[in-house]
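Student: Could you take me through one part of this model closely? I'd like to start with the aromatic rings and go on to helix packing from there.

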Amino acid sequence: MNAAAALLWLATVAAPLGGLAALLVWSQRLYGRRRFAVGTALLGALAFVPALLIETFLQRWQGLDKSASALDAVTLVYIFVVTAPLEQGLKVAAVAPIARLRAVEEPFDGLVYAAAAALGFVSAHNAVYLWGRPLAPLDIARALLAVPAHLFFASLWGYALGRERTRPLGGRRFNAAWLGAMVLNGAYDYIVFACRPVALFMAAPVLLGAGLVTFLAARDLLRRGASPHSSQRRERRFLPRIAPPSLGTLREALRRTERPVTLTWIAFGALVTVGVMTTALAIAIALGHRFGVDFAAVDRGDASTAAAAPLLLLVAAAIAAFPFAGYLVARASSTGSVLEPAASAALAILGSLVLLGLAAPVAVVFAAALAPIAFSLACAGAWIGTTR
């Protein structure tokens with residue numbers, strides 16, 4: 001490794017640590033607890049060691065590799081059953097000593113400690129992943145794309161940790177958040193590290209959706225933490241500057257209803273969602289043919305724009321159908337709650353996953369990664385429909 005490659009390797013490995021430093025500088029709420037966050041980051045980096053040893057052993061024993069260019073069903077199961085639970089579990093283990101010390105004094109601390117553990121973990125991961133490689137642009141891009149993903153996914157259970165400070169690393173909310181982070185972690189690893197380069201474009205909507213959820217979770221935890229210090233006023237001016245609905249408002253919208261929820265409207269809404277999605281895909285294909293988009297370029301595995309265009313067009317069409325469908329269902333049902341449109345979207349997504357599993361099992365991973373975004377957009381469309 002020459003000097004230029006060594007500097008590039010060092011910069012990529014240090015990127016997560018730079019994010020940790022920015023988080024600690026910005027979050028004045030931690031005060032004297034910054035040492036706990038730094039210690040958690042170090043434990044997160046050390047937690048990668050057993051993950052590396054176990055995964056290396058399995059790779060040599062059974063020939064399994066989550067970074068393989070072509071995956072079979074056995075390796076795909078290995079990612080979701082072994083790799084993803086192992087990595088998320090070790091991040092939780094890195095936070096456990098701090099949580100047991102009752103250092104989670106405010107709700108926002110839980111998210112900060114989870115983020116610190118994730119950033120330390122991904123820094124060690126990138127150091128090992130890039131070591132010995134030629135440091136091609138594709139390898140650098142994959143390593144950098146892993147940084148926000150580990151941060152955002154760990155923030156899901158970090159939010160639950162902040163909400164359940166009296167029951168650290170336990171409780172129904174924490175378990176559900178950890179399970180969701182584990183599934184997203186497995187799907188994201190498959191898309192970024194195992195698929196063809198064109199699949200990297202799929203990481204953008206996943207990161208955007210996860211980042212928005214992290215933003216809402218951070219804002220909710222800041223509002224729950226009452227502090228008389230002046231730093232609270234600065235944080236409150238920063239996060240709520242963009243004012244989407246709070247998590248509490250969204251939970252209330254899912255519960256509030258002016259009449260009993262009917263299964264008929266849920267089933268009808270699922271059919272409407274599937275119909276709108278099918279129509280959107282048909283329009284996208286027609287537009288693609290009209291402007292000369294080569295849909296067969298995806299199968300050829302090109303990393304050029306010609307291969308990315310059809311993939312992005314179809315994904316954008318499928319996702320754009322959900323807010324429109326949620327709006328239509330909410331307006332048609334004349335309900336004051338988004339519960340029925342949300343259930344309809346969930347039913348349509350579940351049906352799509354089942355059909356994709358029968359037709360193309362590998363495509364289920366992509367659909368599972370995009371499912372939370374589609375569901376959130378359907379709820380957003382229903383929210384607009386109920387407030388008009």
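Tutor: There are 4 aromatic pairs in this predicted model, counting Phe, Tyr and Trp rings (six-membered ring for Trp) with centres within 6.5 Å. In one of them, the ring planes of F48 and F121 stand at 85° with centres 5.4 Å apart, so this pair is edge-to-face (over 60 degrees; under 30 is stacked, the rest tilted). Because F48 sits in helix 2 (residues 34-62) and F121 in helix 4 (residues 107-130), the pair ties together parts 73 residues apart in sequence; helices here are DSSP runs of H or I, at least four residues, numbered from the N terminus. Residue numbers start from 1 along each chain as its sequence is written. Local features need pLDDT of at least 70, side-chain atom pairs 80 or more, while totals for chains, interfaces and linings use all residues, and side-chain values use heavy atoms, without hydrogens and water.

Now to the packing. Helix 5 (residues 137-163) packs on helix 7 (residues 203-224) at about 30°, the axes 9 Å apart (lines fitted to C-alpha atoms over the stretch in contact, with angles from 0 to 180 degrees between N-to-C directions).

Key:
Helix = DSSP H or I, 4+ residues; strand = E, 2+ residues; numbered from the N terminus.
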